[in-house]
Amino acid sequence: MSTKWQQFKNSYFFHSFIHDKVAIVSFVVLVMLVVCSFSAPIIAPHDPYDTTTIDVLDAETPPIWMEGGNPNFLLGTDAQGRDILSTMLYGMRVSLLIGLGAVFLQAFLGVVIGLIAGYFGGKLDSLLMRLADVQLSFSTLMVAIFISAIFQAFFGINKYEELAVPFLIIVIGLAEWPQYARTVRASVLAEKKKEYVEAAKVIGFGSGRIMWKHILPNTLSPILVISTIQVANAIMSEAALSFLGLGMPVTKPSLGSLINSGFEYIFSGSWWITIFPGILLVILILVINLLGDWLRDVLNPKLYKG
Amino acid sequence: MDKLLEVKDLVVKFALRTGTLTALNGINFSLLPGERMGLVGESGAGKSVAGFSIINLISKPGFIAGGEVIFEGEDISKYNFEQMRSIRGNKISMIFQDPMMTLNPVLTIGTQMTETLLAHKQMSKEEATEIAIECLKKVYIPSPETRLKQYPHEFSGGMRQRIVIAISLLTTPKLIIADEPTTALDVTIQAEIMDLLLELCIKEKMGLILITHDLGVVSQTTQKIAVMYAGRIVEKGKTLDIITNPKHPYTQGLIKALPQTHKKGEKLYQIPGIMPNLNQIPSGCPFHPRCTFKKDICSQIEPSLKSVDKGEVACHLYA
């Protein structure tokens, strides 16, 4: 185990990480955010899901440093009297969960389709890639609005509130797979012409083994890079959907639905309900994108910066 | 002795948009167990296509249009994909030109070696690792146990080609097809690799088909030679006979073109002209436009292989 760690410490990856201040700061912030959001039930001062602890009389309490602030509510409360800080922590957990889940689904679909299209080529390739083109020509929001309208019509609002998280994962996952499929296909096309693939055929390996064990590992770096960007994108898609009222219900808010719920009060002076979740969302997306940029520079030696 | 491999009237065509190209025009040769043969010719003569067609791995527009490839008594050119997979890498191995490219850059040598074994034989991972270590020892890789955990980029070019050879040895094949195995290596490493290959073929009693344009390499390694031109075999025979007494004008040209130490400072001989494009092969003998001995008949009738002395030649000069 110590040798693995030693190897990692000596690697170019680690070296370029500790010499990039932006990467370190982004990484630390991201880790902090992730840890805080997933330990929300422990560290959050209030439980926004527990309606018995919420008092409407506390509604729209301003942050603690403003006049009328309540030391119980560090960043104030929203229109229902929920503590903003706690709700944000819980909300970020939901956002991250949906973001990661959607990216796993996208990656799975995209990688499988991209590998098959790139490796077998021909008519199958044309068919799958045209499918991707069609999918890309609908915006994520359009697809999501369409599907969620159907879903809500069939199952009713109550059911929807229960299934909102898996539903959003599926919608965002289904809408964005072509990004992966195209990237993977392009790399597979380049890789499959290399002699090691031919050598693997000569050895007598089947197509599945060549695809998964030989070609896929060689296409991992572009997959990793777009994954970071796609996590940020998925979180933003979710926030946008929630903001439009099609995402997470107000009872289980994500960052997007929090921003939305505060938006009505922004002109009546209660700006904190929208602004704090907004800042958190911006920071979260920003650090993920900065880390993604750094990762792309490290994994693509052709992009060395001077 | 029963033949290990017999290629009979093998025809390979490529279906292109502009029409069908004939890359191999009915070639015949055979190999006894443990026998080593060289396939020689210029670029584009069809040597590599011949090698690949034996294991039925010609890339897409190409296909076997006729003939038989009889390996251990069975016509493997008619095998389906699954049957063929049990032959490839198991009974017939192949070594490629460029060892930088044939090893997967993201898998360790150990993974690539054991994977080959596990794909073909019923055995545990530990047994496979043991055989892999054995094979690395055979190709003189020092401290094979630690080497197994390394990636291809941690090896030099010559070592990589030795690892490729070790991989081809894993399943103790009956036949190795080596497609220009030393072209990407420098001369000293070339000699080292060829010596190794020769030694292993003799020790393990493996047949070898050496595809190359380097007559020097062939003369030191093989027992017989088939010279190819424009998808045909134009001369076959014992290596010694062909090197010392070539019959076909093309073979004579190839041998004259070899650099020789006692003729320092002289210009190297060149066969005039270039190999014809496969879609416009001249009528009659395909070599006649470049031939210095051509007669009228050469542009009209294509000569077939006939026994001359101890070998076989396709040339009207010996009719």
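A: An axis here is a line fitted to C-alpha atoms, for a helix over the stretch in contact, and an angle between axes runs from 0 to 180 degrees between N-to-C directions. Helices (H or I, at least four residues) and strands (E, at least two) are DSSP runs, numbered from the N terminus. The model is predicted, with local features requiring pLDDT of at least 70 and side-chain atom pairs counting only at pLDDT 80 or more, while totals for chains, interfaces and linings use all residues. Residues are numbered from 1 along each chain as its sequence is written, chains are lettered from A and ligands numbered from 1 in the order in which they are written, and side-chain values use heavy atoms, with hydrogens and water left out.

The account begins with chain A and then turns to a sheet of chain B. Chain A has 12 helices and 0 strands, and its C-alpha trace spans about 75 × 50 × 35 Å along the principal axes. Of its 306 residues, 46% count as buried, meaning under 20% relative accessible area, as against exposed (over 50%) and partly exposed in between, with a 1.4 Å probe and protein chains only.

Two packed helices are described by the angle between their axes and the distance between the axes. In chain A, the axes of helix α10 (residues 220-243) and helix α11 (residues 255-263) come within 7 Å and cross at roughly 30°. This crossing of α10(A) and α11(A) is right-handed; a crossing has that hand if the near helix is turned clockwise from the far one by less than a right angle, and is left-handed if anticlockwise. A239(A), S242(A) and F243(A) of α10(A) meet G256(A), S257(A), I259(A), N260(A) and F263(A) of α11(A), contact meaning heavy atoms within 4.5 Å. The classes are 4 nonpolar, 4 polar and no charged residues; Ala, Val, Leu, Ile, Met, Phe, Trp, Tyr, Cys and Pro count as nonpolar, Asp, Glu, Lys and Arg as charged, and the others, Gly among them, as polar.

Chain A also meets chain B, through 16 residues of chain A and 23 residues of chain B. The two chains bury about 1800 Å² between them, 61% of it on carbon and sulfur atoms; this is the accessible area (1.4 Å probe) that two parts lose on being put together, summed over both. E195(A), V202(A) and I203(A) supply 34% of the area that chain A buries against chain B, more than any other three residues.

Strand β7(B) is in turn parallel to β8(B) (residues 207-212) over 5 bridges, where A178(B) stands opposite L210(B). L175(B), I177(B) and D179(B) point one way from β7(B), I176(B) and A178(B) the other way, and all are buried.

On to β12(B) (residues 311-313), β10(B) is joined by 2 antiparallel bridges, K236(B) being partnered by E312(B).

Helix α11(B) (residues 249-256) has 6 of its 8 residues buried, so this helix too is largely enclosed by the rest of the structure. The buried residues of α11(B) include Y250(B), L254(B) and I255(B), and as a group they pack against β3 (36-40), α9 (215-221), β9, β10 and α10 (239-244) of chain B.

Note on methods:
Pairing = 2+ DSSP bridges.
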